[in-house]
Amino acid sequence: MHYRVARRSLRLLAALTALFVCAPPTAYADLIWWDGSRDAAVGPPGKLLSDNEGYWGDCVLTGVDYTYETAPDNPADVYREDAKRFGRRLLDGRPEGNWWVPVGTARGPLVVVFDFKRQCTFSEVDLCTRSRQTAVLLQVRGDEAGAWQPITQRSRSESPDASFHRFRLPARPRGRYLRVSVEATGITYLDEVIAWGDAQISAAQPEAYRPTVPTPVASEIAFSSIPGIEKTAFSDARFWDWQARLGAWSKQPAVWSRAATWDSISHAPLLPVAGSICRVVQRTIPRNATDNLALALTSTTSLKPTTFTLAVGRFHRPGGSAAIPGLTGEIRVAGAMGSRYYGANLGPLFGAGNVLPASLMQRYLTNGAGIAGFPRVTLSPAGSAVFWLSVTSAGVKPGVYEAHVTCTPGPPLTVRVEVLDVTLPRPRVWLQTWSDGTTMFPFVYADRAEQEVKYKQSLGVTVWTGWPLPGSPAGLAHRQGTTIHDIWGIGDYGHRLYGGAIDADKLTGEDEAKIASLIRGHVAQARALGLGYDDWYVQLTDEPGKSNSRAFGALARLIRKVDPRVRIYCNPSFWNGTGVEPDAVVSAALRPWYREAVDISAPIYLLLRDRPRALELFDAPRSVRAFYTVSTQSAKSERAEQLDLYTRQAWDAFKRGWNGWGFYSYYAPRGNPWNDMDAEWLTGEDLPDYLMVYPGPHGPIPTRQSEAVRQGWQDYCLLTLLKRQGKRRELQAILSDYDRGVSPEALRLRALRVAADRANEVRNPTKARRP
């Protein structure tokens with residue numbers, strides 16, 4: 001996890017830190033561009049025409065490519081250092097960074113010709129260049145034989161000293177080709193070209209979708225419940241048999257059924273038997289929680305596609321009409337997408353108002369064409385869509401309430417919710433995700449940071465990177481809820497420690513003085529921000545192991561000498577390339593210092609198995625006892641073990657008497673987050689994406705995995721409530737059943753009923769809360 005946050009994410013977060021303000025909702029929030037500049041709330045300059053990676057807003061996939069009239073050579077347009085592979089650097093969504101980002105030449109102007117494959121109307125062309133002061137000439141022409149027509153020109157003397165140059169085109173010039181000429185003093189660099197406007201789309205000239213998962217070639221007469229997921233395919237004969245068994249339901253255009261909330265859904269066709277078709281679903285929740293349920297809507301005809309419009313009505317008492325304050329429902333639709341190791345599966349859960357544009361939905365999602373207009377969805381013949389229904393209570397009075405999910409012109413679904421007289425406490429926990437939030441290039445809406453923080457905090461996440469400075473995501477989180485701040489503690493010593501370049505026996509007085517200065521600076525900063533020692537900690541390095549454990553202990557002792565109240569964090573992994581080291585190695589390396597020098601203990605989960613001597617160290621009393629997994633590289637799986645893992649983490653922590661857990665990572669894509677098959681440009685790392693949310697135009701798009709984090713946090717709160725109520729016998733029975741393999745989903749309702757039973761509550765809650 002060492003420095004795995006992409007530089008683009010850091011740039012955008014820096015821009016948000018400098019400029020973010022909370023503003024009342026408008027049709028468009030202000031735009032904050034990648035360089036920190038800002039536009040008023042008037043929306044984007046047009047549809048994106050140049051297909052720059054990282055933009056999730058309205059666009060036309062023109063199929064643009066480009067050639068050079070003067071080929072760059074300093075550096076050339078190649079992928080990283082591979083001279084045989086074209087880099088497409090000018091459209092890669094990376095406006096600055098290392099040597100693999102720009103192209104450059106010292107031989108006069110750099111001239112590029114873009115072919116948009118169709119007639120376009122240009123409203124703005126933007127250039128990112130580290131050359132800063134540049135002469136620019138932009139020209140268009142309608143066809144290959146036509147003359148170039150200048151649309152804007154600027155000399156170097158007229159150029160601002162800036163890395164981002166925007167050329168608004170009020171005359172709206174038209175053409176298929178765009179010629180960009182840039183010249184600077186010395187080497188002329190060009191990092192990114194961004195074109196906005198509109199373009200022709202027709203049946204004869206469709207968009208260049210270039211789907212990441214090509215549609216499979218049909219090998220038989222068959223339908224699929226979910227387009228692109230071959231596991232859901234079935235024959236026409238099977239459909240006719242199913243249709244015949246529906247009885248009266250066959251007169252409806254579609255039928256509702258329950259789907260597995262925390263297990264695989266798309267492993268088989270979605271053809272519910274008549275007895276499992278739903279008119280009503282019932283849920284039981286506390287007064288302050290979110291409950292989730294997966295649903296399927298299946299077409300009853302194989303002759304044509306059918307379009308439905310979905311909505312969730314207001315909750316009311318049965319037979320009444322008055323809306324119940326504090327009780328709300330939301331419905332999302334599941335997208336299907338390909339993965340590197342798990343095939344095509346259901347993943348992102350799109351809510352109305354944060355859906356990718358239709359063209360990108362068809363590029364990245366196998367069922368994108370049918371759900372792109374959500375809350376309007378089109379079911380393919382005999383097809384299905386999967387939905388995620390969330391019900392949230394906020395201080396609702398106990399009782400039974402109802403709402404209706406409409407799917408016009410199909411049958412409504414009644415959602416009946418029993419709110420129990422149970423209010424979940426909010427115990428302080430350490431919940432770490434080793435990432436910030438999702439991003440967009442070349443701009444984000446100014447309310448994005450608020451949306452990112454709001455969603456993460458709703459999952460129970462408490463740990464944030466960096467100080468809570470005004471305007472930063474950490475600062476916004478600190479204003480809105482409980483936060484614990486992860487601080488890179490000892491500067492370059494941490495990098496050297498990670499690389500095994502520090503010898504514990506060769507630390508000098510000068511080293512001690514430098515570290516003391518760094519720690520005192522952190523203490524002063526914390527005081528200035530009004531933070532107590534429990535609100536922040538120092539990270540020395542990431543995932544120490546056999547080679548650097550002794551040096552870690554030596555540096556931790558130096559920090560203890562400076563200020564013993566400063567919290568020290570350690571997340572030992574002892575990874576040896578194929579697994580983790582045995583108990584003897586781990587315990588011998590940690591025993592001399594771990595118990596006394598570590599306040600926030602978060603070993604990798606593998607070290608808790610069959611390592612009793614190491615576990616004794618991890619279980620010793622301290623402010624935070626936690627563990628973590630490296631797991632979201634498998635988050636594109638629908639299997640239960642990769643879904644409720646994030647719920648079970650909370651149960652495992654509670655069962656041990658611990659107060660923390662975490663996972664890598666909430667959002668750490670390797671390359672394009674919507675394409676699991678590409679590689680990370682910065683490092684060349686060719687691995688699956690480590691993420692459980694996806695970037696939308698207006699903020700994060702959740703998954704069942706991210707919602708499982710919320711469920712785990714709520715379950716931890718519920719188990720804590722039982723403990724505080726003194727219901728030790730009932731709590732122990734629930735935990736024993738959990739150990740025997742009963743799922744958290746099956747135990748949750750039982751725990752809620754126990755919590756609501758006031759008859760067995762211990763009369764002295766203070767005594768009941770003692771360990």
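## Strand pairing and helix packing

In strand S11, the bridge partner of Glu124 is Arg168. The model is predicted. Glu124 also stands opposite Trp196 in strand S14.

Strand S8 covers residues 110-128. Is S8 mostly covered or mostly open? It is mostly covered, with 16 of its 19 residues buried. Buried here means under 20% relative accessible area.

Strands of a sheet pair through backbone hydrogen bonds, in either the parallel or the antiparallel sense.

| Partner of S8 | Residues | Sense | Bridges |
|---|---|---|---|
| S4 | 65-68 | antiparallel | four |
| S11 | 164-168 | antiparallel | five |
| S12 | 174-183 | antiparallel | eight |
| S14 | 192-199 | antiparallel | eight |

Tyr66 has Phe114 of S8 as its bridge partner. Val111 stands opposite Ser181 in S12. Glu124 faces Trp196 in S14 and pairs with Arg168 in S11.

**The parallel sheet**

Another part of the model holds an open sheet of six strands. Its order is S30-S31-S32-S33-S34-S35, and the pairing is parallel. Which strands stand at the edges? Strand S30 (463-465) and strand S35 (624-625) do. Each has a single partner strand, so one side of each is left without a neighbour in the sheet.

Strand S33 spans residues 568-570 and strand S34 spans residues 600-601. They pair in the parallel sense over two bridges. Within this pairing, Cys570 stands opposite Ser601 in S34.

Helix H8 packs on the sheet. H8 touches strand S31 (484-488) and strand S32 (536-539). The direction of H8 makes about 155 degrees with that of S32.

**Helix H8 against helix H9**

H8 runs over residues 509-528, and helix H9 over residues 549-562. Their axes lie 9 Å apart, and the packing angle is about 60 degrees. H8 and H9 are therefore oblique to each other. The crossing of H8 past H9 is right-handed.

Which residues of H8 meet H9? On the H8 side they are Glu512, Ile515, Ala516, Ile519 and Arg520. On the H9 side, Leu555, Leu558, Ile559, Lys561 and Val562 take part. By class, this contact has seven nonpolar and three charged residues, with no polar ones.

**Helix H14 against helix H17**

Helix H14 takes in residues 645-656, and helix H17 takes in residues 744-756. How do their axes cross? They cross at roughly 55 degrees and come within 11 Å. H14 and H17 are therefore oblique to each other.

H14 contributes Thr647, Arg648 and Trp651 to the contact. H17 contributes Pro744, Leu747 and Arg748. The class count for this contact is three nonpolar, one polar and two charged residues.

**Helix H5 and the residue after it**

Helix H5 consists of residues 448-458. Which of its residues are buried? They are Arg448, Ala449, Glu452, Val453, Tyr455, Lys456 and Gln457. H5 is followed by Gly460. The phi of Gly460 is positive, near 100 degrees.

Note on methods
Residues are numbered from 1 along each chain as its sequence is written. This is a predicted model: local features need pLDDT of at least 70, side-chain atom pairs count only at pLDDT 80 or more; totals for chains, interfaces and linings use all residues. Side-chain values use heavy atoms; hydrogens and water are left out. Axes are lines fitted to C-alpha atoms, for helices over the stretch in contact, and angles run from 0 to 180 degrees between N-to-C directions. Angles under 35 degrees count as roughly parallel, over 145 as roughly antiparallel, 65 to 115 as roughly perpendicular and the rest as oblique. A crossing is left-handed if the near helix is turned anticlockwise from the far one by less than a right angle, and right-handed if clockwise. Contact means heavy atoms within 4.5 Å. Ala, Val, Leu, Ile, Met, Phe, Trp, Tyr, Cys and Pro count as nonpolar, Asp, Glu, Lys and Arg as charged, and the others, Gly among them, as polar. Buried means under 20% relative accessible area, exposed over 50%, partly exposed in between (1.4 Å probe, protein chains only). Two strands pair if DSSP finds at least two bridges between them.
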